[in-house]
Amino acid sequence: MQTQEPWEGFCSVEHGQLWYRVHPGPANRPPVIVLHGGPGCPSTYLHSLSALADFTTVVFYDQLGCGRSTSDVPMSALTLDSFTADLQVLLDTLRIKSFVLLGHSFGGLLALHHQRCFPHTASALLLASPLVATSDWMADMAVLTGALPEPYADDLNKPQEDPAYVAAEAQFYRTYFCHLQPWPPELQVAVEQLAASPAYHLMWGPTEFTQTGNLEGADCSGVLRTLRCPVLFTCGSADEARPETLRRYADMCERGQLKVFEGGTHCVHLEQPDEFLQVIREFFGHDSAIQWITSV
């Protein structure tokens, strides 16, 4: 089979332009729309998932405020509702009616909010280390930061400019975000851009474990009970998105599954890339899922 070359473009939304890239694949399955995290972390750290194009079409895009999409946007553009509207405009622009949403971290919240606003439009959901409810996430952060060895746990209470705090924050990210040393270039670049993006600070806050932005109170856990499509949750065993919490979420879904990657963190797709891709392919390959997906 001859592989088609990926192609890029820009999509006009209310507050700017979304950059997107399409990796064409076999047309007998709905395309996978990849929703990156942050908010404000450009999609580059997920581009290795383009390997799925031997299986189905894969679409990446950068949300407003980061990456190659419009960065200078009003505050009103940096909300969950606005991001959801942008996603739907992208789907309409690309004339995609049947699709799978693959949301990582904040992208999981975006995927679920899209299904709240546009019920039963996704053929399946792949929620990788997802944020689902801000209150649950912050409860998990309290558990994880408290589990750090001394003196790191106490040092996270010091001012952010204190060298001891900086060292403790680095330990948190090494332990729960990505344990690869050094970080892969695509992740390092994405995180550097995240730090400069207004979206992360306005919507979330200064760190993963400090929430001060407009996502306070965000909760899409109720959406899980309304889903009728297959839903796969994935995470690492040492993930910011704790397996215990994701198990509870999976049990709320009519057709929910959970895969925990032993030894993985929040970026398990980079730490265990072959295993991660294999799990996704197996999810599509299950008769109960794939027959439902291809019939939509």
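This is a predicted model: local features need pLDDT of at least 70, side-chain atom pairs count only at pLDDT 80 or more; totals for chains, interfaces and linings use all residues.
Mentor: Residues are numbered from 1 along each chain as its sequence is written, and side-chain values use heavy atoms, with hydrogens and water left out.

Trainee: What makes Trp137 buried or exposed?

Mentor: Buried means under 20% relative accessible area, exposed over 50%, and partly exposed in between, with a 1.4 Å probe and protein chains only. Trp137 has 6%, so Trp137 is buried. Trp204, at 3%, counts as buried too.

Trainee: Why is the pair of Trp137 and Trp204 called edge-to-face?

Mentor: Rings of Phe, Tyr and Trp (its six-membered ring) pair if their centres lie within 6.5 Å; planes under 30 degrees apart are stacked, over 60 edge-to-face, and the rest tilted. By this rule there are 12 aromatic pairs. The ring centres of Trp137 and Trp204 are 6.4 Å apart and their planes stand at 85°, so this pair is edge-to-face.

Trainee: Which residues form one aromatic cluster?

Mentor: Phe172, Tyr173, Tyr176, Phe177, Trp183 and Phe209 do.

Trainee: How do you know that the charged end of Arg29 sits over the ring of Phe55?

Mentor: The rule asks for NZ of Lys or CZ of Arg within 6 Å of the ring centre and within 35 degrees of the ring normal. The charged end of Arg29 sits over the Phe55 ring, 3.8 Å from its centre. Likewise, the charged end of Lys259 sits over the ring of Phe261, 5.5 Å from its centre.
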